[in-house]
Each structure stands twice: as C-alpha cells, then as structure tokens.
Amino acid sequence: MKRIVITLPHFIKDEATYINQLFESGIDLLHFRKPESSQADCEKLLKTIPEKWYSRIVIHDHFELCMKYHLHGIHLNRRNHQIPANFTGSISRSCHSLDEVREALAFHYDYVFLSPIYDSISKQGYCHAFTSEQLTEAAKEGIINERVFALGGITEANIPQLEAWHFGGAAMLGNVWNQLVKQ
C-alpha cells in the first residue's frame with residue numbers, strides 16, 4: 001500500500017527538514033498543499049527541499065511550479081480544477097463520493113483521494129462519510145482499487161482495514177504532522 005503525506009495548509013518552522021525526514025522514512029509521495037499561500041512563498045519552500053525529492057512531489061496550487069521544478073504532478077480540487085494546456089505528468093483529484101470516484105477513474109486520472117474515510121484528525125467536525133458496508137461493497141464492485149487512496153483520519157492502525165477494502169494507498173495529514181511537530 002502506497003503512503004502519501006499531505007503538507008499542513010500553513011507553513012511551519014523547519015518544514016523542509018520534516019519533509020526530508022518523511023521521504024527518508026519511506027513515503028511514496030508528498031502532496032504540497034498550501035491553499036492560502038502565494039506562488040512566491042510556495043517556491044521559497046520548494047527551493048529548501050532537496051532536489052532529489054522533486055520527482056515525488058505533487059502540487060495542489062500554482063501548477064506552473066510543477067513544470068518549472070519537474071515535480072511528479074498536480075492535484076485537482078475545487079479551487080484548481082483545470083488541467084494546464086500541454087501538461088504532462090501525474091494528475092490526481094479529490095473525490096467525496098463513490099460516484100465521483102467512478103467518474104474520475106473513467107477519465108483516467110492516475111489516482112484519486114476518497115474522503116473522509118474516518119473522522120478527520122486535522123479538521124474538527126469533519127466526520128466519516130461512508131459506512132464499513134458501503135466501502136466493502138464498493139471494493140467488491142471494483143470501485144475501490146489500486147488507484148483509489150483513502151483520506152481522512154488515517155493512521156497506521158487502520159491500514160489493515162484499508163487494505164481489506166482494496167485501497168491502493170493512504171493519504172495522511174493530521175496524524176503524521178501531529179507526531180512530527182511534537183518531536
């Protein structure tokens with residue numbers, strides 16, 4: 001099962017050091033998500049991340065940075081939902097229903113996030129949207145597969161259940177950053 005970590009939405013002290021630690025510990029991809037940030041501030045952080053990790057970074061905003069730094073790809077969401085002209089690279093997107101997943105996979109996104117699977121750790125009041133039975137049925141129907149990544153309340157403890165539901169990966173935010181920043 002692949003592991004993705006999503007950055008905190010705001011910048012933190014020594015963030016590049018933490019990002020380097022995450023890659024060194026074996027994460028597959030980092031989703032660079034800074035929704036309220038300027039392109040200049042995002043680029044400033046990118047320049048402090050070792051270049052060897054660029055091919056494993058997916059950006060959620062300021063897609064021009066993907067091409068400029070040869071990043072892994074872009075992630076579409078409600079704020080940024082258009083694929084840039086002549087874009088080559090990985091394209092992923094966020095989904096919040098099983099119907100959205102069906103539609104996205106038919107469009108041939110490289111992978112999608114389905115959320116929230118569990119109650120969010122980073123967003124208070126953002127509760128799970130699916131029952132265990134719904135996820136089991138979606139797995140049986142092939143809706144959940146290796147191109148669908150679980151997001152929302154993900155911890156290492158619930159990875160076995162995600163594998164049983166046939167998720168191809170887990171995207172984590174709150175649990176990972178809570179552990180890193182406490183160190």
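D14 counts as partly exposed because its relative accessibility is 45% (buried is under 20% relative accessible area, exposed over 50%, partly exposed in between, with a 1.4 Å probe and protein chains only). D14 sits in the loop between β1 and α1, and its phi is near 60°, a positive value in a residue other than glycine. Keep in mind that this is a predicted model, where local features need pLDDT of at least 70, side-chain atom pairs count only at pLDDT 80 or more, and totals for chains, interfaces and linings use all residues. Residues are numbered from 1 along each chain as its sequence is written, and side-chain values use heavy atoms, leaving out hydrogens and water.

H70 also has a positive phi, about 55°, and isn't a glycine. You'll find H70 in the loop between α3 (64-69) and β4 (73-76); helices (H or I, at least four residues) and strands (E, at least two) are DSSP runs, numbered from the N terminus. H70 is exposed because its relative accessible area is 62%.

Another backbone feature is the cis peptide bond joining S115 and P116, with omega about -10°. Most residues other than glycine have a negative phi, and most peptide bonds are trans.

Now for the helix packing. The axes of α1 (residues 15-24) and α7 (residues 174-182) come within 11 Å and cross at roughly 115° (axes are lines fitted to C-alpha atoms, for helices over the stretch in contact, and angles run from 0 to 180 degrees between N-to-C directions). On the α1 side, E15, Y18, I19, Q21 and L22 meet V176, W177, L180 and V181 of α7, contact meaning heavy atoms within 4.5 Å.
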